[in-house]
Amino acid sequence: MVWISRICYRKYGNFVDNLRLYVRGGSGGMGLPRLGGQGGKGGDVWVVAQKEMTLKRVKDKYPQKRFIAGVGTNSSVRALKGQKGEDQEVLAPPGITVTNDDGKVLSELNTEGDRVLVARGGQGGSYHSEFLPSKGQTRQIRLDLKLIADLGLVGFPNAGKSSLLTALSHAKPQIASYAFTTLRPEIGKVMYEDHKQISVADLPGLIEGAHMNRGMGHQFLKHVERTRQLLFVVDVCGFQLASKTPFRSAFEAVQLLIKELELYKEDLPCKPAVLVVNKMDLPDAEDKLTELQEQLLNPHEFSHLLPDDMVPKNNMVFRHVVPISAATGFGIAHLKTCIRQSLDKDASMATESLHCDRLQALRGAVPAKNTLTWGPTASV
């Protein structure tokens with residue numbers, strides 16, 4: 001038995017995945033020339049990752065989006081060295097990339113407790129500065145959220161990703177017969193009998209040219225970076241975005257999805273992946289599935305079906321190819337089993353690698369005993 005809970009990162013369209021903030025370190029305190037006293041240092045501004053925090057909460061709590069640290073205290077007769085100003089912390093969800101206005105990455109905060117200094121406080125007045133303090137650092141920074149999930153659903157619009165998320169997790173994303181229904185990320189959370197939890201992210205659908213930020217390109221692809229594995233979803237009968245765009249078969253859709261990921265970031269297709277072939281309840285679905293499976297076994301033989309610049313550099317080997325119908329529930333139980341097996345395999349490999357590294361470090365730390373080194377001057 002598998003029971004399901006739901007996490008929704010979207011509420012009435014108010015999902016926030018990036019935020020621009022003004023941050024300023026506190027000014028230092030005045031020094032005391034008469035006694036050589038030193039003013040306190042200004043406070044610093046930090047961005048700190050904290051679970052259960054969202055950028056929406058930051059935006060609501062601080063509508064001015066200004067974070068200013070405390071001023072250092074002045075030197076006085078009673079306290080020749082002034083106290084440091086109070087630090088200011090900006091709490092943000094894990095999965096944040098912090099950049100400055102020039103696009104330079106200051107840090108990535110992936111786990112709770114990770115922190116980065118974004119604005120230093122000014123120095124207190126001292127003999128070297130003629131007892132005059134300096135101002136704190138001033139910056140405009142951006143917080144860019146990239147979701148962290150076990151699985152990310154990858155597919156063209158209307159492939160059935162939202163229906164699949166509903167079938168897997170009982171989440172309730174918007175579902176309709178037109179192409180673009182998912183505009184904001186939503187996460188379904190599955191709990192197995194042994195209490196293992198797996199999070200599945202439904203992301204906005206890709207279109208051809210997404211790597212050049214067409215459609216919701218970069219808003220989608222940046223979230224794919226932070227998923228452990230990929231769940232490709234294709235319509236077994238193919239896909240056509242609009243009447244003026246070319247029809248793409250299920251095989252072509254798979255290859256184009258791989259290419260879009262590859263063009264955005266070359267190592268993205270290296271993530272472990274499962275292929276879900278949806279809409280098996282449609283007429284002729286079995287024949288089309290058989291054709292797709294044959295094409296996936298020998299993709300080079302069918303590369304002529306795509307434009308030359310849209311053929312992936314490397315083939316992607318899927319751990320499982322699972323036919324399903326999100327509408328009827330066919331294949332969903334088997335898909336859940338395959339997902340669990342794939343994630344458990346990676347967890348096992350990571351544990352084994354960690355044990356090997358620790359054993360290697362232990363061997364290097366303990367010198368060998370009772371060894372005899374033979375050389376030109378050795379005698380028996």
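This is a short tour of a predicted model, stop by stop.

**Before starting**

Residue numbers count from 1 along each chain as its sequence is written. Because the model is predicted, local features need pLDDT of at least 70 and side-chain atom pairs count only at pLDDT 80 or more, while totals for chains, interfaces and linings use all residues; side-chain values use heavy atoms, with hydrogens and water left out.

**Confidence**

Colour the chain by pLDDT, the predictor's confidence in each residue, from 0 to 100. The chain average is 82, and 83% of the residues score at least 70. Select residues 1-13, where pLDDT stays under 50. The model has 38 contacts (heavy atoms within 4.5 Å) beyond four places in sequence for residues 1-13. Then select residues 172-183: pLDDT stays under 50 here too, and the model has 36 such contacts. Where pLDDT is low, the predicted coordinates should not be read in detail.

**Helix α4**

Select residues 250-264, which form helix α4, and find Q255 in it. Helices (H or I, at least four residues) and strands (E, at least two) are DSSP runs, numbered from the N terminus. Q255 is buried at 9% relative accessible area; buried means under 20%, exposed over 50%, and partly exposed in between, with a 1.4 Å probe and protein chains only. Leaving aside residues up to four places away in sequence, Q255 touches L296, L306, M310 and P312.

**Aromatic rings**

The structure holds five aromatic pairs. Rings of Phe, Tyr and Trp (its six-membered ring) pair if their centres lie within 6.5 Å; planes under 30 degrees apart count as stacked, over 60 as edge-to-face and the rest as tilted. Select Y62 and F67: the ring centres are 4.6 Å apart and the planes are at 55 degrees, so this pair is tilted. Y62 is partly exposed at 29% relative accessibility, whereas F67 is buried at 1%.

Next select F251 and F302, an edge-to-face pair with 6.0 Å between centres and 65 degrees between planes. F251 is in helix α4 and F302 in the loop between α5 (285-297) and β15 (320-323), so the pair links distant parts of the chain, 51 residues apart. F251 is buried at 1%; F302, at 23%, is partly exposed.

Then show W46 with R115, which lies over the face of W46 at 5.1 Å from the ring centre. The rule is that NZ of Lys or CZ of Arg is within 6 Å of the ring centre and within 35 degrees of the ring normal.

**Salt bridges**

A salt bridge is a side-chain nitrogen of Lys or Arg within 4 Å of a carboxyl oxygen of Asp or Glu. The count by this rule is 15. Select R228 and D150, whose side chains meet at 2.9 Å, N to O. R228 is in strand β13 (residues 227-235) and D150 in strand β10 (residues 149-154), so the bridge ties together parts 78 residues apart in sequence. D150 is buried at 14%.

Move to K265 and E225, also bridged at 2.9 Å, N to O. K265 lies in the loop between α4 and β14 (273-278), E225 in the loop between α3 (217-224) and β13, and the two are 40 residues apart in sequence. K265 is partly exposed at 36%, whereas E225 is buried at 18%.

Finish with K41, D44, K84 and D87, which are linked in a network of salt bridges.
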